[in-house]
Amino acid sequence: MKIFLDTPDLSVVEQWLPHGIVDGVTTNPTLLKKSGIEDWTGTVAALARRIAPRDLSVQVSGVDHDDMVSQAKMLASRGENIVIKVPVISPDGQPHLDVMTTLREYGIPVNATVCLSAGQALAAAKAGARYASLLWGRIGDEGGSPERVVADVTGLLRRHGLATRLLVGSVRAPADITRALTAGADAVTVPPALLGRWLDHRYARATVRDFQADAGVKYE
């Protein structure tokens, strides 16, 4: 079971690392845009150094095979623990599996992202991806059962001896994290605020406060 932190913010990563719960970090262009980061290659290098040897997933934004491969090679050069996120399919429906197989030949690990079906995740596994990222919330938005897809994919990966790990993203509530892991996900990537909510519980707080009061500890 692995928990990845879904953020490009190094200061937030620094806050979570001492807790021993973060096994890696994932980013994407939307998170980078929201964070206002302009020097994203510098940010990638700094993040990779700080979390090493944990994996850092960074997404390419190219539109064709050569552009994506070139960008992936540049990003991978920023750290030995960098994993390149490649969308499993393009906006016009063209698969990017050829990008994944090329990167595999270069020895660059791949995180196949935006998987919304078992077929997409399994195809990415055949193409040699280290991770297949399944978007939990978006599967549910379309009326599907993310639990069923996770269970199907992990079962087939194990049955056929494929080394790809299933990484669940797009979790939107604390319960989604537990549900994804229960369904068999190898890893879940979680926004920092949601990870905090997963660990919190108002009754746990109240119980600790009672213990502290009985021990003579006073709160301001």
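Visitor: Which residue takes a positive phi just after H9?

Guide: Helices (H or I, at least four residues) and strands (E, at least two) are DSSP runs, numbered from the N terminus. This is a predicted model in which local features need pLDDT of at least 70 and side-chain atom pairs count only at pLDDT 80 or more, while totals for chains, interfaces and linings use all residues. Residues are numbered from 1 along each chain as its sequence is written, and side-chain values use heavy atoms, with hydrogens and water left out. Just after H9, a positive phi of about 120° is taken by Gly184.

Visitor: Which residues of H9 are buried, and what covers them?

Guide: Buried here means under 20% relative accessible area, with exposed over 50% and partly exposed in between (1.4 Å probe, protein chains only). The buried residues of H9 are Pro174, Asp176, Ile177, Ala180, Leu181 and Ala183. What covers them, with contact meaning heavy atoms within 4.5 Å, includes E1, helix H7 (136-141), helix H8 (146-159), E7, E8 and helix H10 (192-199).

Visitor: How do the axes of H9 and H10 cross, and which residues of H10 make the contact?

Guide: Axes are lines fitted to C-alpha atoms, for helices over the stretch in contact, and angles run from 0 to 180 degrees between N-to-C directions. The axes of H9 and H10 come within 8 Å and cross at roughly 80°, which makes H9 roughly perpendicular to H10 (angles under 35 degrees count as roughly parallel, over 145 as roughly antiparallel, 65 to 115 as roughly perpendicular and the rest as oblique). Pro174, Ile177, Thr178 and Leu181 of H9 take part in the contact, and from H10 the residues are Leu194, Arg197 and Trp198.

Visitor: What is the strand order of the barrel, and in which sense do its strands pair?

Guide: Two strands pair if DSSP finds at least two bridges between them. Strand E6 (residues 131-135) and strand E7 (residues 165-169), for example, pair over five bridges in the parallel sense, and Ala132 has Leu166 in E7 as its bridge partner. E4 and E5 pair in the parallel sense over four bridges, with Ile84 opposite Val110 in E5. The closed barrel of eight strands runs E1-E2-E3-E4-E5-E6-E7-E8, and its pairing is parallel.

Visitor: At what angle to E5 does helix H6 run, and is E5 enclosed or open?

Guide: Five of the six residues of E5 are buried, so this strand is largely enclosed by the rest of the structure. Helix H6 (residues 118-126) lies across strand E5 (110-115), E6 and E7, and its angle to E5 is about 165°.

Visitor: How do H6 and H8 pack, and how do the residues of their contact divide by class?

Guide: H6 and H8 pack with their axes 9 Å apart at an angle of about 30°, which makes H6 roughly parallel to H8. The contact is made by Ala118, Ala121, Leu122 and Ala125 of H6 together with Val149, Val153, Leu156 and Leu157 of H8. With Ala, Val, Leu, Ile, Met, Phe, Trp, Tyr, Cys and Pro counted as nonpolar, Asp, Glu, Lys and Arg as charged, and the others, Gly among them, as polar, the residues of this contact are eight nonpolar, no polar and no charged.

Visitor: Is His96 buried or exposed?

Guide: His96 is found in the loop between strand E4 (82-87) and helix H5 (97-105). Not counting residues up to four places away in sequence, His96 touches Val63, Met68, Val86, Pro87, Val88, Ile89 and Ser90. With a relative accessible area of 9%, His96 is buried.
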